[in-house]
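Student: I have a structure open and would like to go through it with you. Could we begin with the ligand and its surroundings?

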Amino acid sequence: MDAGTDDRFLTWLPGPMWRGLAGLILATTAAAQPPADTLPASVTKATIAEGKKIFGGIGLCLACHGTDAKGGLGPDLTDAKWLHGSGTFLEIVALVKSGTDLANSKTGQIMPPMGGASLSDEQLRAVSAYVWTVSRKPAK
Ligand code: HEC
């Protein structure tokens, strides 16, 4: 067999299709190893939208953190500064669930568990995902 035959054979391969497939495999591999500080894969855009509603609704979060989460009695949640932990999703979930009593408060203000609201685990995750998301937007 000579090289010329091989070249002709290669031109029959559907190039774009193979490149697409390779891209897909790479993307899948990357998704399997997310950086440490990300939202869980189960959190979708709909989860975050639901979290936003909870923040301004039954979660009562807006009463202390403001409608746009930029703070009031409670701290600004949209900046990169965290009073508690480093702002990972799991840390936010834990803090929102427990709130901060006086002993744990950094500002002297307390946050009641879940802001005083009664949230299901799913609602807690949704509102935490919303907080995580707004805290990652570049400050304006
Ligand atoms: C009664 C007022 C109040 C309500 C309601 C409230 N918070 Fe807070 N929140 C605070 C205060 C005050 C702090 C800061 C406590 C401290 O000084 O340690 C805080 C802290 C936090 C933090 C940690 C911020 C950081 O920098 O580490 C998060 C996240 C948070 N709140 C989310 C929520 C969410 C989500 C809700 C709604 C479910 C909510 N809060 C409802 C008062 C409130």
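This is a predicted model: local features need pLDDT of at least 70, side-chain atom pairs count only at pLDDT 80 or more; totals for chains, interfaces and linings use all residues.

Student: How do the shell residues divide into nonpolar, polar and charged?

Tutor: There are 18 nonpolar residues, 10 polar ones and 1 charged one in the shell around the ligand.

Student: Let us turn to Ala-63. Where is its place?

Tutor: Ala-63 is located in helix H4, the helix that gives the most to the ligand shell.

Student: Why does Ala-63 count as partly exposed?

Tutor: Because Ala-63 has 15 C-beta neighbours inside 10 Å. A residue needs 20 or more to be buried and 12 or fewer to be exposed, so a count in between gives partly exposed.

Student: And what separates the C-alpha atoms of Ala-63 and Gly-115?

Tutor: The separation is 9.0 Å, although the two residues are 52 residues apart along the chain. Gly-115 is also among the residues closest to the ligand.

Student: Changing topic: how many helices and strands does the protein chain have?

Tutor: It has 6 helices and 0 strands, and along the sequence the pattern reads α-α-α-α-α-α.

Student: What share of the chain counts as buried?

Tutor: Of its 140 residues, 19% count as buried.

Student: And the contacts with a separation of 6 or more: what percentage joins residues 24 or more positions apart?

Tutor: Such residues account for 63% of those contacts in the protein chain.

How values were computed
Residues are numbered from 1 along each chain as its sequence is written. A residue is near a molecule or strand if its C-beta atom, placed from the backbone, lies within 6 Å of it. Helices (H or I, at least four residues) and strands (E, at least two) are DSSP runs, numbered from the N terminus. Ala, Val, Leu, Ile, Met, Phe, Trp, Tyr, Cys and Pro count as nonpolar, Asp, Glu, Lys and Arg as charged, and the others, Gly among them, as polar. Two residues are in contact if their C-beta atoms, placed from the backbone, lie within 7 Å.
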